[in-house]
Amino acid sequence: MRLRSLGVALAATAALLTLPTTQPTAAAADTLLSQGRTATASSTENAGTAAALSVDGNAGTRWSSAATDAQWLQVDLGATATVSQVVLQWETAYGKDYRLQISADGSTWTDLRTVTGGDGGTDTHAVSGQGRYVRMQGVQRATAWGYSLWEFQVFGTSGGTGPAACDTANAAQGKPASASSTENAGTPASAAFDGDAGTRWSSQAADPQWVRVDLGSVRELCGIDLNWEAAHAKDFQIQASADGQTWNTLRSVADATGGTARYDVSGSGRYVRIHGTTRATPYGYSLWEVAVHTGTGGTPPIEGGGDLGPNVIVVDPNTANLQQKFDQVFAQQESNQFGSQRYQFLLKPGTYNGINAQLGFYTSISGLGLNPDDTQINGDITVDAGWFNGNATQNFWRSAENLAIRPVNGTDRWAVAQAAPFRRIHVQGGLNLAPNGYGWASGGYIADSKIDGTVGPYSQQQWYTRDSSVGGWTNGVWNMTFTGVQGAPTTNFDTGPYTTLDTTPVSREKPFLYLDGSEYKVFVPAKRTNARGVSWPANAGGTSLPLSQFYVVKPGATAATINAALAQGLHLLFTPGVYHLDRAIEVNRADTVVLGLGLATLVPDGGVDAMHVADVDGVRLAGFLIDAGAVRSDALLRIGPAGSSADHAANPTTMQDVFVRIGGAGPGLATDSVVVNSDDVVIDHTWIWRADHGEGVGWETNRADYGLRVNGDDVLATGLFVEHFNKYDVVWNGERGRTIFFQNEKAYDVPNAAAVTHDGIVGYAAYKVADTVNQHEAWGLGSYCNFTSDSSIVQHHGFQVPVKPGVKLHSLQVISLGGKGQYAHVVNDTGAPTSGSDTIPSKITQFP
């Protein structure tokens, strides 16, 4: 947990003392268009200051941003409107300079007014313009904190594409309902939405109480009918929400007299709630019926579900020419390292005979059963390196998941390098991790898998295996790390390559798509603590989400539409493709799933970030690639805004098989690649790579200073691959961080020692724990140098940590690859130097 300083606390107290007590009014002809509408922002300070709180009509709630200047807040009015006035009710942290802007599409913006030298308080601006979206674009803050608005109000008149009429039908009838309480089994929440005026919902006799209905999708709301029983509400609010968590007040009612009443409202939401605050009688709240009326025009909601697009190939055991389908994709993708094509094979449950699915770049294969053994391949899933003359060190970006393999000759070949996860697989035989001919290989990752026979790494330089079982493990080269693996070899790092922990401290398997009958669903596995062995077939504690709750994203989708779907309460399923973004994807809702198929790739254009995740519980990010754009991004992926402090230990955000690339497919630039500000995040298998080959590669051409920066506390990384950054590859500032397995190469293209000399030290450490950190622990760490531009460079060390009782490193090594540069030490000033060209590790079993 982090606490704000006393100064911030005093500022917050002062803000409470200056709360606005009245709502500014516009001209008589103007209507308040923004209240209850969908609001989004460039960032949020924390989960309690969401964008929606600036348009909820409550002057005691607010939006606040991260503490940087270029932040914005925007509201979607739901339809084109003529805007005449904008009112901003600032908290103490106000904007000194800002612009008010309007847009028809949420992409191209026109300035309505430019404000300089603002003094906070309430700013009322007469404006003139037409559009659907209105934005406050911050230019300069007045304080050291972010921007903070109690209310952001837009006035004007609707026009053009707004709702044509209020439908007389009851959109809530028969829809799922819930309540804060019920008086007894005969007065359930559903009785208020069954269309029967003789049945009712009633609550317990306490304040406050609520009843709500799920309309199934976000709808334009225009009217609410209430039919109260004698036990009615004196004071209550009519509220709406896109996600069932953040609520906007559409109407506040005081001194109500019960009976039957109609309330006109303006707003949108999927969920509608009647929230009683004061009862009129000693009994609870009781409603015979609630009717919800929706607009018949306007912009329709974004629909969930649908087909999976042209690059998802769904097959069953009877699919004609199935081997030919695999072969055709492989012929295109075998050496297509930086191409734009993406493919996902989905295999329906059943038995497939005589299949050899060879996987090239950006090709994934997954079974559609709930368990791996539901999809049986009597054949092979093969990755080899014939395309690269038997060298497997560039076999990146492919995956296999959730199926069983009975290899033809008894052993399956999976000769991969980074970013090639092997998850939830039952190999009914052995597994060979080396290419044909035993050429070089530089992988890799296995999780939640059962290999009945022996795993033979042979030429594999390093590997991490988690929560699995193996029949045996034959050898290793430099760094073979195991946690929670039944049958794993015993630790022997002093003389060999093995580091073994009996269990994994915290793990949660990656979400995956499966078929429940004929319906697609996404299974979201539960968190496990001190796990050992596979999670299946029990799948204990996991939940299933129907595809109808996902926006199925297809190539051509815009960031505005993606964000609108998220604001509407949908999860995201990215189908295979490349997605160019003109703004960051904003994941603000707890427990949101963002799942990619076929290495779906996000490319931020124009210097925006690719994705921001709010400081909320349980977000799942899985199965996609972020490719840096040609204009520098501040951070390609940010989990939690700066200063995040909420406790997520019970339900952490997870980042799994999320890969980041800077350069290779073309010039790419970023200051930070991944920044983790939230506490308790689990990073489970990532490769964060500044390219050393491909297009757009050069010391400044694809410059990226930092790979991973961890500011949150209690963050765990299992399977961390980070390579080639201009400065530190990993910087860890949070307390109680843990890393299990780290693979690193320093940047090949350092022009000379002077380019990386800082604080009297030659070279930035691959893994740096900040001097302020008191507790940190890591196992199975390797850093390698290959200074091809200047082989005379001697890097001072691979690892830099404070020497404190709570900071411990186990099984760490540095290696000079063929004598192209050297390390003087392993960690700090400790450890023997590398020397010569023999590629012999310099090791430390434990530090200090």
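Which element gives the largest share of the lining of the largest pocket? Select β42 (633-639): three residues of the lining come from this strand, the largest share.

This is a predicted model, in which local features need pLDDT of at least 70 and side-chain atom pairs count only at pLDDT 80 or more, while totals for chains, interfaces and linings use all residues. Residues are numbered from 1 along each chain as its sequence is written, and side-chain values use heavy atoms, with hydrogens and water left out.

**The largest pocket**

Helices (H or I, at least four residues) and strands (E, at least two) are DSSP runs, numbered from the N terminus. Next select A70, Q71, D609, H612 and D634, which lie nearest the centre of the pocket among its 27 lining residues. The space inside is about 670 Å³. Coloured by class, the lining shows 10 nonpolar, 10 polar and seven charged residues. Here Ala, Val, Leu, Ile, Met, Phe, Trp, Tyr, Cys and Pro count as nonpolar, Asp, Glu, Lys and Arg as charged, and the others, Gly among them, as polar.

A pocket is found on a 1 Å grid over the protein atoms alone, as an open set of points where a 1.4 Å probe fits, with protein on both sides within 12 Å along at least five of seven lines; lining residues have an atom within 4 Å of a point. Grid points are joined across faces, edges and corners, and the volume is the space filled by probe spheres set on the points.

**Salt bridges**

There are 34 salt bridges in the structure, each a side-chain nitrogen of Lys or Arg within 4 Å of a carboxyl oxygen of Asp or Glu.

Select D76 and R132, whose side chains meet at 2.6 Å, N to O. D76 is in strand β4 (residues 72-90) and R132 in strand β7 (residues 122-141), 56 residues apart. Both D76 and R132 are buried (under 20% relative accessible area; exposed is over 50%, partly exposed in between, with a 1.4 Å probe and protein chains only).

Move to D714 and R736, a salt bridge of 2.7 Å, N to O. D714 lies in the loop between β46 (704-710) and β47 (716-723), and R736 in the loop between β48 (730-732) and β49 (737-745), so the pair ties together parts 22 residues apart in sequence. D714 is partly exposed at 27%, and R736 is partly exposed at 34%.

For a network of salt bridges, select R423, R466, D467, E509, R528, D657 and D684.

**V715**

Return to the loop between β46 and β47 and select V715. V715 is buried, with a relative accessible area of 1%. Its contacts (heavy atoms within 4.5 Å) include V676, I683, W732 and R736, not counting residues up to four places away in sequence.

**Nonpolar cores**

A nonpolar core is a set of buried Ala, Val, Leu, Ile, Met, Phe, Trp, Tyr and Cys residues joined through side-chain atoms within 4.5 Å. The largest has 83 residues; select F574, I585, M611, L621 and F799, which touch the most other members. Around I585, show its contacts, among them I562, L566, F574, M611 and H612, again leaving out residues up to four places away in sequence. Finish at a second, separate core of 38 residues, which includes I313, L322, F345 and I381.
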